[in-house]
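Work through the exercises below with the structure open beside you. Try each task before you read its solution.

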Amino acid sequence: MRISTYSDVRLGDNLAHLHFLRKVAYLNPGATFEHAAHSCYLPQMIDVVADLPNIVLRDLRYIDRKKAINSWKNVGRFWEQHPLKNDYGAFMIEWFDRLASEMGVENPIRKPADLLFDYPAIKDTASEPFDFLIVNSQPMSGQWRSMDLGDLDQLAIELSQRHRVVTTRPVRPFIPCTQRTNVSVTGIGGISRFCRYIVMVSTGPSWVTFNTWNRKTIDLRIVFLEHERVEIAPNTVTTNNVGLARETL
């Protein structure tokens, strides 16, 4: 059996789908699962499925979409019209129920904690310890419309005066930055294992910080989103205001 899926949206959506696909592939070792995405995202996706030989990644330009299943959660306005659209964990369970049915497989995602990334490459990443991981990368899908990245950068500077801080987008030369050293998304997930606090824009580089290895070690996670809540790990606070985040910290 060969099942093909594709997504022509951004990295975060592809990462979430690959997490689901990993669990499906593990339960169906005799089947082959192909997933296609934009070529610019494929290098970041390889680590997610590298240990599973029955998952194959493809360049979106070279697949027949008529023979593949669209894995985007808002296909047919499914997310947009769903009553649980602002509750990420509850919604994704229902989305994967629908997608699994279309694929002819069982949905292995049964509770919000099942959405935590657990692929081996995350735990194989070494890092120096930091107090704060700040994901200050630009959101690309309108998930933080009232964003103030300048204020978030200022917060990073203030925290760096008293704590060990690493960011994902350059702020100041003296603050370590994953972009500056070409750390992958998987590497950022690895760094999150050695932090006590995460302050994050909910965007592509942030997703792998939701993983099984830091579930009990993160003292506080602040997520910047306009309306949606991503509360799939303990000690998570969602806000759309940097000032409120500063007060919480």
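On a 1 Å grid over the protein atoms alone, a cavity is a set of points where a 1.4 Å probe fits but cannot get out; a pocket is an open set with protein on both sides within 12 Å along at least five of seven lines; lining residues have an atom within 4 Å of a point. Grid points are joined across faces, edges and corners, and a volume is the space filled by probe spheres set on the points. The model is predicted: local features need pLDDT of at least 70, side-chain atom pairs count only at pLDDT 80 or more, and totals for chains, interfaces and linings use all residues. Residues are numbered from 1 along each chain as its sequence is written, and side-chain values use heavy atoms, with hydrogens and water left out.

**Exercise 1. Find the largest cavity and describe its lining.**

Step 1: count. The whole structure holds 1 cavity of 30 Å³ or more. The largest cavity has a volume of about 50 Å³.

Step 2: list the lining. Ala-16, His-19, Tyr-88, Met-92, Phe-96, Leu-115, Phe-117, Trp-207 and Ile-232 line the largest cavity.

Step 3: assign elements. Helices (H or I, at least four residues) and strands (E, at least two) are DSSP runs, numbered from the N terminus. Two elements, α1 (11-27) and α3 (88-103), each give two or more residues to this lining. The top contributor is α3, with 3 residues.

Step 4: sort by class. Ala, Val, Leu, Ile, Met, Phe, Trp, Tyr, Cys and Pro count as nonpolar, Asp, Glu, Lys and Arg as charged, and the others, Gly among them, as polar. The lining of the largest cavity has 8 nonpolar, 1 polar and no charged residues.

**Exercise 2. Check the span of α3, then say what its buried residues pack against.**

Step 1: take the rule. The expected span of a helix is 1.5 Å times one less than its number of residues.

Step 2: apply the rule. α3 has 16 residues and reaches 22 Å from its first C-alpha to its last, close to the expected 22 Å.

Step 3: find the buried side. Buried means under 20% relative accessible area, exposed over 50%, partly exposed in between (1.4 Å probe, protein chains only). Among the buried residues of α3 are Gly-89, Phe-91, Ile-93, Trp-95 and Leu-99.

Step 4: name the partners. The buried residues of α3 pack against β1 (2-6), α1, β2 (32-37) and β4 (69-70). Contact means heavy atoms within 4.5 Å.

Step 5: look at one more residue. Arg-98 is also in α3. Arg-98 counts as partly exposed because its relative accessibility is 36%. Leaving out residues up to four places away in sequence, Arg-98 touches Val-75 and Phe-78.

**Exercise 3. Which strands stand at the edges of the open sheet?**

Step 1: write the order. The sheet has 4 strands, β3-β2-β1-β4, with parallel pairing.

Step 2: read off the edges. β3 (55-59) and β4 each have a single partner strand, so one side of each lacks a neighbour in the sheet. Two strands pair if DSSP finds at least two bridges between them.

Step 3: inspect one pair. β2 and β3 pair over 5 bridges. Phe-33 stands opposite Ile-55 in β3.

**Exercise 4. Is Ser-202 buried or exposed?**

Step 1: Ser-202 lies in the loop between β7 (197-201) and β8 (220-224).

Step 2: compare with the cut-off. Ser-202 counts as buried because its relative accessibility is 4%.

Step 3: list contacts. Beyond its neighbours within four places in sequence, the contacts of Ser-202 include Gln-143, Trp-207 and Val-223.
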